[in-house]
Amino acid sequence: MKIKLAIVAILALVVTSCGGDKKKVEYPVKSKTKTEAAAPAKKVDPMTDKGIGPVTSITLGELDQAMVTEGEQIFKAKCSACHKISKRFIGPGMKGVTERRTPEWIMNMILNPEEMVQKNQIAMDLLKEYNAPMANQSLTEDEARKILEYFRTKN
């Protein structure tokens with residue numbers, strides 16, 4: 001009797017684990033319309049684009065070595081997990097960034113990365129290329145300005 005009960009239990013287990021006639025559920029995928037797919041990305045001059053955020057104008061003067069030193073410390077503490085100076089990592093290398101982007105764009109990307117990757121074409125292109133959004137480190141404008149000053153030494 002115990003053997004028959006064990007066999008019935010095993011058969012019941014096998015039958016219920018096979019999945020039977022369950023249909024595979026497929027979720028609809030939103031496809032792009034022809035106009036969405038065909039619309040090319042708008043080309044933007046990176047040396048005139050100031051980005052989106054609180055910084056609208058910066059006047060750069062002589063390098064401030066005290067700001068460079070503080071900017072390097074902030075960069076190492078807040079940015080170096082994703083950015084290296086001389087090479088691509090999780091994010092782009094920072095060497096020469098001040099020759100590729102405006103000071104305003106750099107600071108706005110540091111201060112406002114969520115909105116930048118949603119509304120700024122250059123930031124959207126970087127997100128596509130690196131496949132990782134920039135983390136908001138909740139830096140102040142003063143801290144972002146010090147990082148910019150540090151970047152000015154890395155050309």
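Contact here means heavy atoms within 4.5 Å. The model is predicted: local features need pLDDT of at least 70, side-chain atom pairs count only at pLDDT 80 or more, and totals for chains, interfaces and linings use all residues. Residues are numbered from 1 along each chain as its sequence is written, and side-chain values use heavy atoms, with hydrogens and water left out.

**View 1. Trp 105 and its contacts.** Trp 105 is in contact with Asp 49, Lys 50, Gly 51, Met 116, Asn 120, Ile 122, Ala 123 and Leu 126, leaving aside neighbours within four places in sequence.

**View 2. The whole chain.** The chain has 8 helices and 0 strands. Helices (H or I, at least four residues) and strands (E, at least two) are DSSP runs, numbered from the N terminus. From that end, the elements run α-α-α-α-α-α-α-α. Of the 155 residues, 31% count as buried. Buried means under 20% relative accessible area, exposed over 50%, and partly exposed in between (1.4 Å probe, protein chains only). The accessible surface comes to about 11,100 Å², with 58% belonging to carbon and sulfur atoms. Areas come from the Shrake-Rupley method with a 1.4 Å probe; for residues, only the protein chains shown count as cover. Among contacts with a separation of 6 or more, 72% join residues 24 or more positions apart.

**View 3. Helix H8.** Why is H8 largely enclosed by the rest of the structure? Because 8 of its 11 residues are buried. They are Ala 144, Arg 145, Lys 146, Ile 147, Leu 148, Glu 149, Tyr 150 and Phe 151. Their cover includes H3, H4 and H5.

**View 4. The largest pocket.** Its volume is about 560 Å³. On a 1 Å grid over the protein atoms alone, a pocket is an open set of points where a 1.4 Å probe fits, with protein on both sides within 12 Å along at least five of seven lines; lining residues have an atom within 4 Å of a point. Grid points are joined across faces, edges and corners, and the volume is the space filled by probe spheres set on them. Of the 31 lining residues, His 83, Pro 92, Met 94, Met 109 and Met 134 are the closest to the centre. H3, H4, H5, H7 and H8 each supply at least two residues of the lining.

**View 5. His 83.** His 83 is found in the loop between helix H3 (65-78) and helix H4 (97-100). Its relative accessible area is 12%, so His 83 is buried. A polar atom of the His 83 side chain lies 2.9 Å from the backbone oxygen of Pro 92. Not counting residues up to four places away in sequence, His 83 touches Phe 75, Phe 89, Gly 91, Pro 92, Met 94 and Met 134.

**View 6. Asn 131 and Ser 138.** Phi of Asn 131 is near 60°, a positive value in a residue other than glycine. Ser 138, not a glycine, has a positive phi of about 55°. Asn 131 counts as exposed at 69% relative accessibility. Ser 138 is exposed too, with a relative accessible area of 63%.

Technical notes: Polar contact = N/O pair within 3.5 Å; in protein donor to acceptor, adjacent residues only side chain to side chain.
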